[in-house]
Amino acid sequence: MVNEKTLVYTDGACPGDPGPGRGGYGIIIRYSDEEGNVHEQECSQGYERTTHNRMELRAVIKALEMLEGSCEVELYSDSKYVVDNANNYLETWIKRGWKKADNKPVENTDLWKRFVEVKSLHSVSLNWVKGHNKNPLNERCDKLAVEAANGGNLIVDEGYIE
């Protein structure tokens, strides 16, 4: 493979009120095949009533679940919540029995445990991309996410390949 890493871009979107409400997420996966040809796969996700943080974390999990086989992944998300917690606190939470430094329980434990499980299949590096800064990849993910949120025929937690 010419490009050793699979690049993944995710974005959760919650149109309207940024609090709990309808939302969806978009995923772009960029990878190279054995001949060095670069391919992109786009995925829109369904919607559900949930918080923004849960949508962002689910987008990252779903992207990793979509990857075939074990690979080295460079993942970009516009969620500081996901990237900061995954990079800085996750291991400590696990060691403390899913408790924070102040001994309060970690939120979204079900999703964080699912993230740990799917992340173990790959070598993952998470990076934060500032949202809505005219980054074309971020804007494409945002477009996919909004389409997913507005599309009644999309199923929650199932990939819909365009």
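This is a predicted model: local features need pLDDT of at least 70, side-chain atom pairs count only at pLDDT 80 or more; totals for chains, interfaces and linings use all residues.

Q: Then is Asn 108 buried or exposed?

A: Asn 108 is buried, because its relative accessible area is 14% and the cut-off is under 20%.

Q: Where does Asn 108 lie?

A: In the loop between helix 3 and helix 4. Asn 108 also has a positive phi of about 60°, although it is not a glycine.

Q: What about Trp 98, what is its phi?

A: Trp 98 has a positive phi of about 60° and is not a glycine. Its place is in the loop between helix 3 and helix 4. Trp 98 counts as buried, at 16% relative accessibility.

Q: Back up a bit. How many helices and strands are there?

A: The protein has 5 helices and 6 strands. Along the sequence the pattern reads β-β-β-α-β-α-α-α-β-α-β.

Q: How much of the protein is buried?

A: Buried residues make up 43% of the 162 residues.

Q: And what share of the contacts comes from residues 24 or more positions apart?

A: They account for 68% of the contacts with a separation of 6 or more.

Q: Switching to annotation. Where does UniProt place the "binding site" feature?

A: The unreviewed UniProt entry puts it at Asp 11, Glu 56 and Asp 78. They are spread over 68 residues of sequence, yet they cluster in space, with a largest C-alpha distance of 8.3 Å.

Q: Which of these residues is in the lining of the largest cavity?

A: That lining includes Asp 78.

Q: Start with Asp 11. Where is it, and is it buried or exposed?

A: Asp 11 lies in strand 1, residues 5-13. Asp 11 is buried, with a relative accessible area of 0%.

Q: What is Asp 11 in contact with, leaving aside neighbours within four places in sequence?

A: Glu 56 and Asp 78 are among its contacts.

Q: Which residues does Asp 78 contact, with the sequence neighbours within four places left out?

A: Thr 10, Asp 11, Gly 12, Glu 56, Trp 128, Val 129, Gly 131 and Asn 138.

Q: Thr 10 is on that list. Is it buried or exposed?

A: Thr 10 counts as buried, at 2% relative accessibility. It is found in strand 1. Beyond four places in sequence, its contacts include Asp 78, Cys 141, Gly 26 and Ile 27. Ala 59, Val 60 and Ala 63 are also among them.

Q: Now helix 5. What should it span, and how far apart are its ends?

A: Helix 5 covers residues 136-150, which is 15 residues. At 1.5 Å a residue it should span 21 Å; its end C-alpha atoms are 21 Å apart, so the two agree.

Q: Which residues of helix 5 are buried?

A: Leu 137, Asn 138, Cys 141, Leu 144, Ala 145, Ala 148 and Ala 149. Seen down the axis of helix 5, they fall within an arc of 135°, so they line one face of the helix.

Q: What do the buried residues of helix 5 pack against?

A: Strand 1, strand 2 (24-32) and strand 3 (38-44). On the other side of helix 5, Pro 136, Lys 143 and Asn 150 are exposed.

Q: What happens at the start of helix 5?

A: A side-chain oxygen of Asn 135 reaches to within 2.9 Å of the backbone nitrogen of Leu 137.

Q: Last topic, helix 2. Which residues are buried there?

A: Val 82, Val 83, Asn 85 and Ala 86. The buried residues of helix 2 pack against helix 1 (52-66), strand 4, helix 3, helix 4 and strand 5 (123-128).

Technical notes
Residues are numbered from 1 along each chain as its sequence is written. Side-chain values use heavy atoms; hydrogens and water are left out. UniProt positions are given in the numbering used here, feature names are shortened, and annotations may be inferred rather than shown by experiment. On a 1 Å grid over the protein atoms alone, a cavity is a set of points where a 1.4 Å probe fits but cannot get out, and a pocket is an open set with protein on both sides within 12 Å along at least five of seven lines; lining residues have an atom within 4 Å of a point. Helices (H or I, at least four residues) and strands (E, at least two) are DSSP runs, numbered from the N terminus. Buried means under 20% relative accessible area, exposed over 50%, partly exposed in between (1.4 Å probe, protein chains only). Contact means heavy atoms within 4.5 Å. The expected span of a helix is 1.5 Å times one less than its number of residues. The arc is that of the directions from the helix axis to the C-beta atoms. A polar contact is a pair of N or O atoms within 3.5 Å; within protein, one must be able to donate a hydrogen and the other to accept it, and residues adjacent in sequence count only if both atoms are side-chain atoms.
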